[in-house]
Each structure stands twice: as structure tokens, then as C-alpha cells.
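Here is a short briefing to read alongside the model. Have the viewer open and follow along topic by topic.

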Amino acid sequence: MNSIFKIICSSAAAGSILLSSCASIVSKSTWPVSIQSQPTGLEFIVKKADGTVISNGKTPQIVTLDSKGGYFKPATYTIQTKRGNKVIGEQEITASLNGWYFGNILFGGLIGLVIVDPLTGAMYKFPESVSVCGGKIAANDSHSLTIASMDTLTPDQRAQLVRL
């Protein structure tokens, strides 16, 4: 009787290891993301790729975002900062590959790699914090001046800068 119990327990443990997925066990599929802006205190809206509003509030604030966009597809959100009814900044954020997903090679097996982690979204993650520029840089208006900190500029805006 005791040996049958050991066989059942060993089989259950082996089955759970083979049918598990590493990122789903060690990690998660929803992530707290701190929404920051410069200046602070701006209103913000977080929208899914289809335009559905997920969250809104004033910066700085933490929102929880689901990293699952679909089967083998990371979630994408747009964060807009507003002053009154006018959108003054926008940042797109897309979930990136979670390093724990590769733990399936050792522990989760094929089921974790191909089924569980892609379906739960645990194979993706979001950064801890996102900074949305509080003011747009004037691209074509030669009669305006906008002063912005370098860390609030997007990579495209930084590429347009001219060194003096």
C-alpha cells in the first residue's frame, strides 16, 4: 500500500512538472505599471489597441495592465496625457518577452512553451514605469519655443534635435 502511494505521488509530481509552464508559475500575466509625466499631476487615459479605456487618473499613479494581447501576441496600450480636454502627450507601450518563458525549456516542457504561457499571457511583461511627455514638441511652427527635459523626449524627438 505504501509503495502504491509513493508511485501515485511521484506520478502526480512528474505530471504537474510536465504539464506546468514556467512563466505562469514563477511570474504573472498582469503587471503594475507606474504612469509618470513631466510635469506631474496631468490627467491620463490608458487605452487598449481597440480603443477601450482601461484606466484613467492623474500622474503619478500605478495601473495594472494585462500582458496578454492574444495567442502568441503581446498586449499594446496607448497612454495619453491631457490638460483639460486637450491631449498633450501620447506614449504607446507594448509588452515584451518575459525571460521566465525560456524556463519552459528546462521545467515546463512543450505544453508550457506552446500552450499555457501563450494563452495566459505570462510569456510577456511590462516595464515597472512609463513616462509620458507632458507637452508636444513643435515640429513645424518656427515661431514657438518648447523647453523639455531630455528624459521626457521620445526617440523620434531626440533624433530631430540639433546640437549647438
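The count of aromatic pairs comes to two, where rings of Phe, Tyr and Trp (its six-membered ring) pair if their centres lie within 6.5 Å, with planes under 30 degrees apart counted as stacked, over 60 as edge-to-face and the rest as tilted. This is a predicted model, in which local features need pLDDT of at least 70 and side-chain atom pairs count only at pLDDT 80 or more, while totals for chains, interfaces and linings use all residues. Residues are numbered from 1 along each chain as its sequence is written, and side-chain values use heavy atoms, with hydrogens and water left out.

**Aromatic pairs**

- Tyr71 and Phe72 make an edge-to-face pair, with 4.9 Å from centre to centre and 80 degrees between the planes.
- Tyr71 has a relative accessible area of 47% and is partly exposed; Phe72, at 39%, is partly exposed too. (Buried means under 20% relative accessible area, exposed over 50% and partly exposed in between, with a 1.4 Å probe and protein chains only.)
- Tyr77 and Phe126 form a tilted pair, 5.7 Å centre to centre with 55 degrees between the planes.
- Tyr77 sits in strand 7 (residues 76–83) and Phe126 in the loop between strand 10 (124–125) and strand 11 (129–133), so this pair ties together parts that are 49 residues apart in sequence. (Helices, H or I with at least four residues, and strands, E with at least two, are DSSP runs numbered from the N terminus.)
- Tyr77 and Phe126 are both buried.

- Four strands build an open, antiparallel sheet in the order 3-2-7-8. (Two strands pair if DSSP finds at least two bridges between them.)
- The edges are strand 3 (53–58) and strand 8 (86–94); each has a single partner strand, so one side of each lacks a neighbour in the sheet.
- From one strand to the next, the twist averages 20 degrees. (Axes are lines fitted to C-alpha atoms, for helices over the stretch in contact, and angles run from 0 to 180 degrees between N-to-C directions.)
- Strand 2 (residues 43–48) pairs with strand 3 over five bridges, and Glu43 stands opposite Lys58 in strand 3.
- Strand 2 also pairs with strand 7, over six bridges, and there Lys47 stands opposite Thr78.
- Strand 7 and strand 8 are joined by eight bridges, with Arg83 partnered by Lys86 in strand 8.
- Six of the eight residues of strand 7 are buried, so this strand is largely enclosed by the rest of the structure.

**Ser67 and its surroundings**

- Ser67 is in the loop between strand 4 (61–66) and strand 5 (68–70), and its relative accessibility of 0% makes it buried.
- The side chain of Ser67 reaches the backbone oxygen of Tyr124 at 3.3 Å.
- Beyond its neighbours within four places in sequence, Ser67 has contacts (heavy atoms within 4.5 Å) that include Trp31, Pro74, Ala95, Tyr124 and Phe126.

**Backbone details**

- Gly84 takes a positive phi near 70 degrees in the hairpin of strand 7 and strand 8, which has two residues between the strands.
- Phe72, found in the loop between strand 5 and strand 6 (73–74), has a positive phi of about 60 degrees although it is not a glycine.
- The Gln38 to Pro39 peptide bond is cis, with omega near 5 degrees; Pro39 is in the loop between strand 1 (30–38) and strand 2.
- The Thr59 to Pro60 peptide bond is also cis, with omega near -10 degrees, and Pro60 lies in the loop between strand 3 and strand 4.

Conventions. Polar contact = N/O pair within 3.5 Å; in protein donor to acceptor, adjacent residues only side chain to side chain.
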